[in-house]
Amino acid sequence: MPNVLKFKRESAIREEAAEWFLARREGMDAERMRQFARWLAASPEHRQEFREMERVARLLSRPEAGEGSVAELVAQARAADEEKVLPFGTVGSNGAGAARNRRWAMAASVAFLAVFASVLWWKVRHPGASEVQEFSYRTTRGQFLTQPLADGSVLQLDTDTQVVVRYSKGERQVRLEQGRAMFQVVHNAARPFRVLAGSAQVIDIGTKFDVYLQRGATLVTVIEGRVSVGPSAQGVAGTDRIEVGAGQRMQLVDGQVPAAPVPVDTARAAAWLDRKITFEHEPLGAIAAEFNRYASKPVVIETPGLNDLKLTGSLRVDDLDSFVAILRSLEGVRVEITPTQVRVSRT
Amino acid sequence: MAAVMDGTGLMEEDGRTLMELFLDHYERIEAYFGSRIPRRQDATDLVQEVCPRLLGIPDERTIENRRAYLWSVARSVLCDYLDRNGRHQSVDIDDPLIQPLLVEEMDCGRQLDDAWHMRLLPEVMEKLPPKCRTVMELKWQHDRSYQEIADFLGISINTVKKHLKDGLKLCRQHMPRPE
C-alpha cells in the first residue's frame with residue numbers, strides 16, 4: 001500500500017513539474033514566479049523532478065537527438081493523419097463547415113501531395129547536382145494552409161490560392177499562380193529565393209513578405225526585412241527593380257514598376273493570417289469583394305451607388321452574421337438573404 | 001582559486017542550464033545563506049528570491065560562465081537582504097560552502113548519465129505516440145513556437161501543450177537517474 005501511494009505521489013509531482021516547466025518556458029509574471037519559487041521550496045522531490053525536466057529538454061535539444069527537417073516531420077504527420085481518416089479521393093467537405101471539417105478537408109486535399117512529397121523527400125535527401133524538386137500547393141475557398149519548405153522557409157496560403165514551389169541546387173523559385181501567400185524566407189545568398197506572380201518578380205533579401213495576385217496587378221507588402229521587386233519578364237539580372245523594405249508596399253500593373261513603394265500598416269496587411277479583414281474608410285464594394293474571396297455565399301451589392309459607401313471596422317472572414325449586422329445598421333440599406341446570395345440594396 | 005572568476009574559460013562548462021545548476025546547488029545555497037542570516041526561516045525563504053532573478057534572462061546562452069553567474073545572483077540576493085536589514089557584511093567567495101558552486105566537481109557520473117541517455121533517446125522517442133513525438137521534435141529539435149506547431153499540424157495550441165506535457169513525462173519516466 002505505501003508503494004502505491006509513493007508511486008501516485010511521484011507521478012503527481014512529475015505532472016506538476018512538467019506543467020511548471022512549460023509555464024516557465026512560456027513566460028511568467030511576478031506572481032506566478034513567486035508561486036513557482038514556493039513550489040520549488042516546498043520539497044526536494046519537487047526540485048529533483050523539475051531539474052530532471054530541464055535535463056530531459058536539454059538532451060532532446062541536442063543536434064544528435066533527432067533526424068528530419070521540419071518539412072519532413074510535418075509531411076509524415078499529415079500522411080499518417082490521412083491514412084487514418086479518409087481514403088484518397090473521397091473528399092466530402094463543404095467550405096461552409098465547421099473549422100474541424102475544414103481541417104480534414106485541407107488534410108484530404110493536400111494529402112496526396114503530402115504523401116507524394118514525403119516519399120520524394122525521403123528518396124531525395126541528398127539531391128544530385130541536376131535534381132529539381134517541384135511541388136504544387138492549393139487551397140480552396142475558405143481554406144488556409146501553413147506549409148514548411150525543405151530549406152526551413154515557411155509558406156502560408158490564403159483562400160483560393162495556388163503556388164508551385166521549384167527548388168533546385170542553385171535557386172529556390174515559387175510561382176504564385178493564383179491568390180495570396182505570405183513568405184517567411186531563410187536567407188541564403190548562394191540560393192536566391194524568387195517569387196513570380198503575374199507580371200512581377202520578387203527576390204528575397206532576407207525576410208517576411210506578402211504577395212497578392214489580383215486581377216491585372218500584383219501587390220507586394222514587406223512585413224520584415226527587404227525584397228527587390230521588378231517585372232518578371234526581365235529575370236534576375238534585370239535592372240528595372242526597386243527595393244521594398246519593412247512596412248512598405250508596391251503594386252505592379254503589367255510589369256510597370258512605380259517610382260517608389262508606399263508605406264502601409266503591416267498589422268492590417270497581415271490580418272488575413274489571423275483570418276480577419278480590416279478596413280479603414282474603404283468602399284463597401286471592395287470590402288464585399290474581399291469578403292467574397294472566402295465566402296461560400298457571396299454578398300452582392302445590387303444598387304451601384306452603395307459600392308462607394310465608406311466603412312471602417314474589422315471582420316472575421318467566416319463571420320457572415322457580423323457583416324450582415326453591420327450592413328443592416330446602415331441607414332437606408334436593406335439586406336436580403338436568399339439560399340444562394342446576400343443581396344444588399346437601397347431602401 | 002582566483003582564476004575561477006575571470007571568465008576566460010579556464011573552467012569547463014558542463015552544459016547544464018542555469019536552472020539545473022541552481023537546483024543542484026539549492027541546499028548548498030540555502031546553507032550558505034543560513035551561515036550569514038540568524039533566522040533559519042529567513043534564510044530558507046531567501047533562496048526563493050534567487051529564482052525570479054535567474055528566470056529574467058532572455059537568453060542564457062549569452063552567459064559564458066553559468067556557475068559564476070549563479071554565484072553572483074545568489075550573492076546579490078544576500079547582499080540586498082543584508083542591506084535591507086541594516087547588516088553590512090562583506091560577501092566574498094572564500095567560503096567553503098560556496099566553492100563547490102564555483103568549481104566543477106569531478107562528477108563523471110553525471111556526464112556518463114547524459115551520454116547513456118543520449119544513446120537511449122531514439123528508443124525512448126519510439127515509445128511516444130506519433131503525434132506527441134512529432135510535436136516534441138518540432139519543439140525541442142527545431143525550436144518552433146506553439147502557434148507554428150499548431151498551424152503545421154492543424155491542431156489547437158492547447159493540444160500542442162498537452163502533447164508536450166505528456167511527452168516530457170514519458171521521456172522523464174524512461175530516463176531515470178539514481179537519486
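How many residue pairs are in polar contact between chain B and chain A? I looked that up to begin with, and the count is 15 residue pairs, both partners at pLDDT 80 or more. A polar contact here is a pair of N or O atoms within 3.5 Å; within protein, one must be able to donate a hydrogen and the other to accept it, and residues adjacent in sequence count only if both atoms are side-chain atoms.

A note on what I am working with. This is a predicted model, where local features need pLDDT of at least 70 and side-chain atom pairs count only at pLDDT 80 or more, while totals for chains, interfaces and linings use all residues. Residues are numbered from 1 along each chain as its sequence is written, chains are lettered from A in the order in which they are written, and side-chain values use heavy atoms, with hydrogens and water left out.

**Entry: the interface**

I went on to the side of chain B that touches chain A. Helix 10 (157–174) of chain B is among the elements that give two or more residues to it, and helix 10 supplies the largest share, eight residues. (Helices, H or I of at least four residues, and strands, E of at least two, are DSSP runs numbered from the N terminus.) I sorted the residues of that side into 21 nonpolar, nine polar and 17 charged; Gly counts as polar, and the charged ones are Asp, Glu, Lys and Arg.

For contact (heavy atoms within 4.5 Å), I find 47 residues of chain B against 53 of chain A. The two chains bury about 4,800 Å² between them, 62% of it on carbon and sulfur atoms. That buried area is the accessible area (1.4 Å probe) lost on being put together, summed over both parts. In chain B, Trp140(B), Phe152(B) and Arg172(B) lose the most area to chain A, together 16% of what that side buries.

**Entry: salt bridges**

I used the rule of a Lys or Arg side-chain nitrogen within 4 Å of an Asp or Glu carboxyl oxygen. It gives 11 salt bridges across the interface. One that I looked up joins Arg51(A) to Asp24(B), with the closest N and O atoms 2.7 Å apart.

Over all chains the count is 39.
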